[in-house]
Amino acid sequence: MTQSHEPPVLSVKNLTIDIPTETGTLHAVRGIDFDLKRGETLCIVGESGSGKSLTSLALMGLLGRGLRPRADKMDFDGIELTKANAKTMRNLRGKRMSMIFQEPMTSLNPAYTIGDQLMEALLLHGGKSRSVARARAIELLQKVGITAAESRLSQYPHQLSGGLRQRVMIAMALMCEPELIIADEPTTALDVTIQAQILRLLMDLQKEMGMALIFITHDLGVVARIADKVAVMYAGQLVETGDAKEIFKAPSHPYTRGLINCIPLPGTTARGSKLGTIPGIVPSLIGDVTGCIFRTRCAYASDACRGDIPRHVSGDGSHAFRCVDDTGFAQKETQNAEVSA
Ligand code: ADP
Ligand code: MG
């Protein structure tokens with residue numbers, strides 16, 4: 001954990017991603033804000049299709065196919081990412097910020113050895129000699145718990161198990177000791193035991209290196225274990241944000257409550273009790289999107305939910321949510337309610 005007066009290493013205001021489609025504009029990410037300090041873990045949580053991956057790709061400058069994110073601010077340690085050119089982004093990626101993807105085979109190149117791929121970032125960005133890069137690669141493989149690290153350098157991705165490949169991905173992301181790591185559902189494809197190991201490992205390395213971590217998941221059980229801050233994303237919007245403790249203590253948006261009811265939490269869920277599910281699906285985000293987009297699935301929806309939705313912020317600013325109903329914080333006072341469409 002870091003001191004509160006320290007400025008954020010990443011500050012995002014009003015990030016918006018529109019995707020042109022044949023039937024109209026798909027409003028995939030709709031004006032999201034968040035801040036992150038060194039050493040902090042922000043978990044972005046939400047169902048599939050809520051815009052989590054597009055958000056991380058936008059931060060990394062990796063939105064393909066001519067998609068440009070818009071934002072009032074996307075500041076990484078003084079660098080405005082929305083204005084950064086391709087060369088600046090290339091220099092940042094792998095050096096000061098790196099990403100761990102869900103499926104390692106999409107980012108590991110089958111044609112190159114593990115060693116070459118690990119060393120590449122350091123040779124490219126770090127200006128290091130081959131022998132230094134090689135020593136660092138071995139060190140990192142050991143750090144991520146890979147035995148016989150040296151002999152792995154000459155192996156190809158297909159020769160490794162899924163769990164090992166994911167560890168190699170993490171090692172690769174850490175080679176240049178980045179200040180920011182974005183992990184997009186990095187353990188979803190792995191079995192539960194390996195998942196727990198990899199999570200532990202990532203948390204240990206984050207502490208050791210003091211990195212800021214954005215961890216994307218649809219698993220609130222994982223969030224409960226690792227998050228300092230939580231951003232709950234639904235249909236391209238952050239419906240609730242705040243300190244993890246606050247979110248779990250007083251989940252305030254009906255969607256967050258629904259998600260929390262879906263997971264077993266130590267001490268709060270009785271053994272063998274039936275887990276909840278949120279009925280319905282995320283509606284289309286093509287064309288005009290107005291009111292609260294969760295209203296089609298919300299048990300408390302009323303006509304007011306078709307209009308402007310206020311954002312309520314707790315007195316100390318540590319917790320916010322968007323809903324026509326402001327009783328979410330339980331007994332807490334709300335300070336300001338800015339209205340947004
Ligand atoms: P998540 O990671 O939360 O599952 P994504 O960020 O991948 O969600 O996607 C958000 C929405 O944008 C989804 O509805 C998805 O279908 C849509 N989308 C993502 N990429 C494209 C694309 N290149 N073209 C059209 N639609 C896309
Ligand atoms: Mg995704």
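Me: Contact means that heavy atoms lie within 4.5 Å. With that in hand, what share of the contacts in this protein between residues at least 6 apart in sequence join residues at least 24 apart?

Reply: This is a predicted model, and in it the share is 65%. The chain has 341 residues, 50% of them buried. Its secondary structure comes to eleven helices and 13 strands.

Me: Why is R322 called buried?

Reply: Buried means under 20% relative accessible area. R322 has 12%, so R322 counts as buried. You'll find R322 in strand β12, residues 319-322.

Me: What does the side chain of R322 reach?

Reply: The backbone oxygen of L238, at 3.5 Å. A polar contact needs N or O atoms within 3.5 Å, and this pair sits at 3.5 Å.

Me: Why is L123 called partly exposed?

Reply: Under 20% would be buried and over 50% would be exposed, with partly exposed in between. L123 has a relative accessible area of 31%, so partly exposed is the label for L123. Look for L123 in helix α4, residues 114-125.

Me: Which residues does L123 touch, not counting those up to four places away in sequence?

Reply: K128, S129, R130 and A133. As for R134, eleven residues along the chain from L123, the two C-alpha atoms are separated by 9.8 Å.

Me: What makes helix α11 largely enclosed by the rest of the structure?

Reply: Count its buried residues. The helix runs over residues 254-261, and six of its eight residues are buried, so the rest of the structure largely encloses it. The six are P254, Y255, T256, G258, L259 and I260.

Me: And what covers those buried residues of α11?

Reply: The cover includes strands β3 (41-45), β9 (229-234) and β10 (237-243), along with helices α9 (220-226) and α10 (244-249).

Me: What makes a set of residues a nonpolar core?

Reply: The members are buried residues from a list of nonpolar types, and they're joined through side-chain atoms within 4.5 Å. The largest such core here has 65 residues, and I170 and F215 have the most contacts inside it. Leaving aside neighbours within four places in sequence, I170 is in contact with I100, V144, I198, L201, L202 and L205. There's also a second, separate core of 34 residues, with L10, L59, A212 and I216 among them.

Me: What else surrounds ligand 1?

Reply: The shell includes I19, A28, E47, K52 and R65. By type, it divides into four nonpolar, five polar and three charged residues. Two elements, β2 (24-36) and α1 (52-60), each supply at least two residues, and α1 gives the most, with three.

Me: Last one: how much of the protein's accessible surface belongs to carbon and sulfur atoms?

Reply: 51% of a surface of about 16,400 Å².

Methods: Residues numbered from 1 in each chain as written. Chains lettered and ligands numbered in written order. Predicted model: local features only at pLDDT ≥ 70, side-chain atom pairs only at ≥ 80, totals over all residues. Heavy atoms only, no water. Near = heavy atom within 4 Å. Helix = DSSP H or I, 4+ residues; strand = E, 2+ residues; numbered from the N terminus. Nonpolar A, V, L, I, M, F, W, Y, C, P; charged D, E, K, R; others polar. Buried < 20%, exposed > 50% of the residue type's maximum accessible area, 1.4 Å probe, protein only. Polar contact = N/O pair within 3.5 Å; in protein donor to acceptor, adjacent residues only side chain to side chain. Areas by Shrake-Rupley, 256 points an atom, 1.4 Å probe, with all protein chains shown as cover.
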